[in-house]
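Thank you all for making time this morning.

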Amino acid sequence: MLTSTAARVLLRRALPASATSSSAAAPSVGPVRCLNLHEYQSAKIMADSGVNVPFGLPAHTVDEAVAAAATIGDDEVVIKSQILAGGRGLGTFTNGLQGGVHIIKTSEVGEYAGRMLGGTLVTKQSGPAGKPVNTLLLAKKMSLAKEFYFAIFMDRSSGGPLIIACSEGGTSIKDLAESSPEKIVKVPIDVRTGPTDEQIATVVDGLGVSGSRDDAAGQIRALYNLFVDKDCTMVEVNPLAEDTDGKLIAADAKIGFDDNAEFRHGDIFEQRDHTQEDPREVAAGKWDLNYIGLDGNIGCMVNGAGLAMSTMDIISLRGGSPANFLDVGGSANVDQIKAAFEIITTDPAVKAILVNIFGGIMKCDIIAEGIIEASRSLDLKVPVIVRLEGTNVERGKKLLEESGLALITADDLDDAATKAVASIA
């Protein structure tokens with residue numbers, strides 16, 4: 001059974017933020033496997049795919065915001081903070097401004113933009129540190145008659161895309177699932193054939209649209225085609241709204257893209273906003289390492305996601321607290337191991353480092369060489385506990401013993417976790 005530490009990492013790797021949001025386990029960073037774009041970027045991609053979206057313009061400065069509002073030309077506009085976290089409307093800026101989304105008079109745009117740009121917005125999903133607001137979206141105020149929820153995710157149980165629709169929207173789908181589960185429609189799709197007419201009709205019925213059913217079906221198909229054509233992990237529209245003429249409009253837009261498809265969508269991945277990500281994760285990605293920062297004080301360097309989670313669990317069981325999830329994979333070289341140590345030690349909370357390697361493809365002597373190189377070049381000031389097992393383990397242990405470094409070796413994982421906790425007691 002997974003403890004809360006490992007379960008939290010699994011959730012953060014597998015699910016979109018909106019599906020795991022809670023005040024108790026609010027993630028500070030996004031999922032590892034997918035690129036997330038801002039609303040204004042997602043809306044542009046949706047529009048290019050034939051999805052109806054409100055007219056809007058991004059702004060990076062106060063002057064650009066004022067000009068965008070003038071281009072829209074209405075007495076009122078919607079001004080939206082662009083951060084990669086949900087709950088913006090109910091968020092709070094660290095400067096005291098309440099709400100990251102406002103409907104305001106065009107004459108007030110300069111004032112609001114001045115307080116929002118460059119600020120930090122804290123929401124239920126951003127984590128307590130919040131996210132920097134470097135871009136605003138100025139959007140046309142729409143006359144919306146109804147709000148729905150619509151999303152497409154990859155579903156493990158059905159082995160393909162899953163369309164989720166609800167006749168109520170504009171709020172957390174988690175809250176809707178708890179309060180009105182009977183209103184949520186789930187339609188698994190065969191990715192080989194795409195949605196059938198009957199399945200599209202089921203989604204349209206679940207939304208409860210009052211306008212043209214054919215037009216609504218066309219919008220659902222456009223969203224599904226976007227999901228497949230762009231190798232998405234998530235397409236979420238909350239709310240998917242209906243205006244007073246019965247026209248469906250994607251009033252909000254969230255899209256996630258599979259990192260494995262970057263070679264096919266270079267133009268999309270160029271839009272990645274690294275300011276919204278943990279800089280340690282960004283650094284890890286450059287070295288082809290998987291890193292997720294946690295809130296403990298024992299840094300972990302492991303090969304394999306399953307072994308990494310087991311390591312974190314045993315640290316917790318021995319009374320410690322893991323500071324990170326870091327998987328170096330099965331083919332790391334000395335430079336990558338050194339980079340892994342650099343990333344771990346950028347966290348000032350780390351008081352010890354536990355290295356747990358089971359050498360299969362990954363050779364223990366390569367890990368040992370990396371540990372020695374990192375220890376010498378980085379002048380590590382924290383205890384390093386090393387457990388090696390598998391391919392070339394004897395050579396790896398010999399290298400560590402002959403290094404002259406004050407490394408703490410362990411016979412097995414339980415011994416390593418016990419020694420790691422004891423080293424900072």
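Let me start in strand 12, which covers residues 232–243 and contains P239. Please keep in mind throughout that this is a predicted model. The peptide bond that joins N238 to P239 is cis, with omega at about 10°, and I point this out because most peptide bonds are trans.

Taken by class, the lining of the second largest pocket consists of 22 nonpolar, 13 polar and 13 charged residues.

Staying with the backbone, which residues other than glycine have a positive phi? One of them is D288, where phi is about 60°, and another is D379, where phi is near 50°. D288 sits in the loop that runs between helix 9 (279–286) and strand 15 (290–293), and with a relative accessible area of 63% it is exposed. D379, for its part, belongs to the loop between helix 12 (364–378) and strand 19 (384–390), and its relative accessibility of 45% makes it partly exposed. As background, most residues other than glycine have a negative phi.

Now to the interior. In soluble globular proteins, nonpolar side chains tend to be buried together. In this model the largest nonpolar core has 38 residues, and those with the most contacts inside it are M46, F150, V203, L207, V235, I255 and F257. Helix 7, residues 213–229, supplies the largest share of this core, namely eight residues. Another core, of 32 residues, lies apart from that one, and its members include I337, I371, A374 and V386.

Finally, I would like to show you an open sheet of three strands, arranged in the order 4-6-7 with antiparallel pairing. Where are the edges of this sheet? They are formed by strand 4 (92–93) and strand 7 (131–132), and because each has a single partner strand, one side of each is left without a neighbour in the sheet. Strand 4 and strand 6, the latter made up of residues 120–122, run antiparallel and are joined by two bridges, and within this part of the sheet F93 stands opposite L121 of strand 6.

That is where I will stop, and I am happy to go back to any of these regions.

How values were computed. Residues numbered from 1 in each chain as written. Predicted model: local features only at pLDDT ≥ 70, side-chain atom pairs only at ≥ 80, totals over all residues. Heavy atoms only, no water. Nonpolar A, V, L, I, M, F, W, Y, C, P; charged D, E, K, R; others polar. Helix = DSSP H or I, 4+ residues; strand = E, 2+ residues; numbered from the N terminus. Buried < 20%, exposed > 50% of the residue type's maximum accessible area, 1.4 Å probe, protein only. Core = buried A, V, L, I, M, F, W, Y, C linked by side-chain atoms within 4.5 Å. Pairing = 2+ DSSP bridges.
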